[in-house]
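Colleague: I would like to learn how to read a model like this one. Let us go feature by feature.

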Amino acid sequence: MPGKPVVVVGAGPVGLTAALLLARRGVEVLVLERHPEPYPLPRAVHLDDEVFRVLQDAGVADAVLARSRPMAGLRLLDAAHRVLAEFARDPDAGVHGWPQGSLVHQPDLEAVLAAAATAQPRVTVERGVAVTGLRQDADGVLVVVGGGERSVRAVAVLGCDGANSTVRALIGASMRDLGPADRWLVLDIRSPVELPIWPGVHQVCDAARPATFMPVTGDRYRWECRLRPGETVTGATSPERLGALLAPVDPSKVEVVRAAEYTFRAQVADRWRAGRVLLAGDAAHLSPPFVGQGLGLGLRDVHQLAWKLAAVLAGEADDRLLDTHQAEREPHARALIRVAQLLGRLMTGGGRGGDALRRGVLAVVRRIPAVARLATDSRTPPLRSGPLVDRRGRAGRRLAGSLVPQPEVLADGKRCRLDDVLGAGCAELTVDLVVRRADGSQTRVEDPSGTLRRWLGPATAVRIRPDRIVRAARS
């Protein structure tokens, strides 16, 4: 590999996506993964439409979509699996140009990313290589692997190596708890015949045994339930208990691929950067599962970090730009973790009294259109004001920090997604629907759906960052 690369530690979805995003911006990348083979079992199963735009920028969204299942929505059930409320999602593309929610088998996602990384000449992936040391000096970062018999010179290091991050430990960062840990049983199941299950996510709102189950893709299904104090995986999967958990599915008719205890945590690292070493994904934060944003948070991290690091390496910005990584991403991660914690309490807390209260409240609110929209909307909170988000003025307060929508547009007579017109760098979109790019080129687009004009409202123009977040708007 010519020159000094950026070293990405971890070849999971976050690390491989980071490598692809950097490579598409002209950066040489070396990915180091301690496991010799990709992990064969699923972990994350949900991607929203905002996150699909990250995969679109990485060049893999269509391939991932082909191996995913649009999520029909969310059903809230009582302990007897009677429907308390149903919030359906439109399987067609939403405001961001992709299905609002998609279910995916994580090994399929990783296979798509790995194939793209192999085909990308600026990316090299080495597996079975453990990082054991980091030393920084004026010449970059010395990455020590194995027992010290080998080292690699890097211009920067991204720690995308998961919840038990070695990189986080090496820079002296530690995790801070935002709430108590929660022990759950995770069951991955395959069935030779299609199971009679609604094609969305089911949340069992039972204080005694809260659970979640869903079809994933193909013949794969996922069940999760909270473990009681002192309960083990063996006890929770005994024949009588497994039958109650999977009902109405007959456990003897399906294959349990994995039955494992997983401790869901709500944590954020106290430091995400030490010089040219930065953390992303589970190395920086961990979220409870109730809004399905664990993987999504990590992919957003690297989408916002890749263009900043590429700009610093190209001499277009100094290292102070990297200070905005934690400043922008940590509040956003904390906000989504708080939402997950709140929803978890609302759906599973309160004992038997809470169960009765949920039944009464949901009988009313499920009929309110605004509540239904809130339950199915995949939009995440906007970024706070800062050096890269100017929320001044009426238009700025409304739009800055949020993602620009991505409708299908007409550009030069051809239908395409808006991000393909915006390009890889910064851009400006005017009220006349002219896209002006950083290189001076411009394109007028047509918006048959009217999505962009409605979204712009009284704004005359918006400045858009490479991660599709509005930097500023003017009226």
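Colleague: What volume does the second largest pocket have?

Modeller: This is a predicted model, where local features need pLDDT of at least 70, side-chain atom pairs count only at pLDDT 80 or more, and totals for chains, interfaces and linings use all residues. Residues are numbered from 1 along each chain as its sequence is written, and side-chain values use heavy atoms, with hydrogens and water left out. Now the general idea: rolling a probe the size of a water molecule over the atoms shows where empty space is left. On a 1 Å grid over the protein atoms alone, a pocket is an open set of points with protein on both sides within 12 Å along at least five of seven lines; a cavity is a set where a 1.4 Å probe fits but cannot get out. Lining residues have an atom within 4 Å of a point. Points are joined across faces, edges and corners, and a volume is the space filled by probe spheres set on them. Here, the second largest pocket comes to about 730 Å³.

Colleague: Which residues lie nearest the centre of that pocket?

Modeller: E50, H96, R379, S402 and L403 do, out of 35 lining residues. Two or more residues each come from α2 (49-57), α8 (294-313), α9 (324-348), α12 (393-399) and α14 (451-456). Helices are DSSP runs of H or I with at least four residues, strands are runs of E with at least two, and both are numbered from the N terminus. α2 gives the most, with four residues.

Colleague: How many of the lining residues are charged?

Modeller: The lining has 13 charged residues, with eleven polar and eleven nonpolar. Ala, Val, Leu, Ile, Met, Phe, Trp, Tyr, Cys and Pro count as nonpolar, Asp, Glu, Lys and Arg as charged, and the others, Gly among them, as polar.

Colleague: How many cavities of 30 Å³ or more does the search find?

Modeller: One, in the whole structure. The largest cavity has a volume of about 40 Å³. Its lining is P42, H105, D188, I189, R190, V216, R220, Y221 and V257. β14 gives the most, three residues.

Colleague: Now strands. Which residues of β27 are on its covered face?

Modeller: In a regular strand the side chains alternate between the two faces of the sheet. In β27 (residues 442-446), T443 and V445 make the covered face, while Q442, R444 and E446 make the uncovered one.

Colleague: Which residues of β1 are buried?

Modeller: Buried means under 20% relative accessible area, exposed over 50%, partly exposed in between (1.4 Å probe, protein chains only). In β1 (residues 6-9), V6 and V8 on one side and V7 and V9 on the other are all buried, so both faces are covered.

Colleague: In which sense does β1 pair with β12?

Modeller: Two strands pair if DSSP finds at least two bridges between them. β1 and β12 (residues 156-159) run parallel over four bridges. β1 also pairs with β2 (residues 29-33), again parallel over four bridges. V8 stands opposite L158 in β12 and opposite V31 in β2.

Colleague: How many residues lie between β26 and β27 in their hairpin?

Modeller: Four, and G440 in the turn has a positive phi of about 95°. β26 (residues 434-437) pairs with β27 in the antiparallel sense over three bridges. R436 stands opposite Q442. β27 also pairs with β23 (residues 408-411), antiparallel over two bridges.
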